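Subject: Structure handover

Hi,

As promised, I am passing this structure on to you. Could you open it in your viewer and read my notes alongside it?

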Amino acid sequence: MTAVSSLVVIPFWSEDTDVVVRNVNHAASHPRVGEVLCVGREVESTYAAIEEAAPGIAQSTDTAVKVIQQERIGTKRPGKGDGMNTGLLYFVGSDHHRLHFYDADITTFDGSWITKTERAADLGHDMVRCYFPRSSTDGMITWMITRPLFAKLFWDTPLPRIDQPLGGELLLSRSAAEALSSDRRVLDQSDWGIDTALTFTTVDLGLSIYEAYIPQGKVHKLYGALTDIRTMLIECFEAAKGFAGTRPHPDSPHQVEPPERVPAEIADKVGYDKAGTVALLLDSWSDRQSDILSRFPTPIESGMKGARNGDVSFMDEKRWGLALDTLLSDYQTGDRDWEEMLFQLWIIRVLAYSQDVATQGYDEAMRYLRETIFGYVYESKTGHTLD
Ligand code: GDX
Ligand code: MG
């Protein structure tokens, strides 16, 4: 096999400098990596620190290390998507064979991630996605939004079965990168929806996906209350909903490396601060919000109004499926009241699941989450609910 030269792109914005510099070092030290490109949102202190460290890393590893600012490429809010797409376009204009993306804030990142994804790429896969052991209350946008929407909209494709469709750690072959970089659905998605757009478009184009298991897990900057991910929730929902009506390639190849046993310290971790999250629930509703709520089935409408008292159990997987159906048909992009409704519904769903399911232990919670996705696929395909 001829020598492979890969480009590693690290999008970043305001991170712990030591963590980012360590990760750049790991990437630049890997024998397959020919260049590391750090793409910052703006010139701020993290940017300056990486820029200062770059020449030393380049010298000690004999690998080019560059720091650049992201370009304005997309049509949505300028965010991580513009960062990743700046890297994607840079790669297409370079001579490198493969492209890797890694988040900047991962404290468990090392060269073994690159080795693993490179080996899968050697077998000919177009996209290699890292996936990780996670606690049962982590990944709440993935489990409650992206995978259910993929199950409802694209049940006859591999999309609902992709374990972590939002993960930002992935490898693209040159041909996959070229195909994705000339697709407006990817280039336009400048916000947090970029991960959804990359996953969806890869399947839609019939490219192959391999999911590589990273046993040490992705340990990274944690959220406090769920409010920290409100924007991410809205943008990930809108991105997935935006693909409704497309019929993606049904036979895109998809393989998953089997997972290993989840380490106890990951399985038992609570994914967010519950008390802080309950405090985000509305206790009064404007006329417009009440009007929006009345579009949902009656048990959801009445349950939502009483949720502040702590009764969230009404939002089980069946009601959540119905809530998503209303959101798919009626949600209006860019409307603040609809955004707040989505946020409120999601918080209540996450709280209900955490209290009624996650407390039954890790294995049971994961079985339940997988079966719920299967149930949405089953219902979309057969028109019947699972007994
Ligand atoms: N260039 C650039 N521009 N980088 C950004 C920006 C931006 O506007 N915003 C964030 N980043 C970087 C950030 O520094 C980090 O390296 C990476 O993007 C991810 O951001 P982080 O705040 O760590 O996001 P989080 O919550 O860890 O989400 C990641 O995982 C989610 C998931 O796996 O579920 C991120 O890759 C999400 O896109 C993904 O949905
Ligand atoms: Mg992170």
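This is a predicted model: local features need pLDDT of at least 70, side-chain atom pairs count only at pLDDT 80 or more; totals for chains, interfaces and linings use all residues.

Residues are numbered from 1 along each chain as its sequence is written, chains are lettered from A and ligands numbered from 1 in the order in which they are written, and side-chain values use heavy atoms, with hydrogens and water left out.

The metal site may interest you. D105 (OD) and H220 (ND1) coordinate the magnesium ion (ligand 2) at 2.2 to 2.3 Å (donors are N, O and S atoms within 2.8 Å of the metal, or 3.2 Å for Na, K and Ca; water is not among the atoms, so sites may look incomplete). These two residues are 115 apart in the chain: D105 is in the loop between strand 4 (98-101) and helix 4 (111-122), and H220 in the loop between strand 7 (209-213) and helix 9 (230-242). Helices (H or I, at least four residues) and strands (E, at least two) are DSSP runs, numbered from the N terminus. D105 is buried at 12% relative accessible area, whereas H220, at 25%, is partly exposed (buried is under 20%, exposed over 50%, partly exposed in between, with a 1.4 Å probe and protein chains only).

Next, the packing. The largest nonpolar core has 85 residues, and M304 and W320 are among those with the most contacts inside it (such a core is a set of buried Ala, Val, Leu, Ile, Met, Phe, Trp, Tyr and Cys residues joined through side-chain atoms within 4.5 Å). Helix 15 (residues 336-356) gives this core its largest share, twelve residues. A second, separate core of 25 residues includes V20, I50, I114 and F132. Beyond its neighbours within four places in sequence, M304 is in contact (heavy atoms within 4.5 Å) with residues including W285, F314 and L345.

Finally, two backbone details. Neither residue is a glycine, yet S14 has a positive phi of about 55° and D62 one of about 60°. S14 sits in the loop between strand 1 (6-12) and helix 1 (17-29) and is partly exposed at 43%. D62 belongs to the loop between helix 2 (45-61) and strand 3 (64-69) and is exposed, with 73% relative accessibility.

Best wishes
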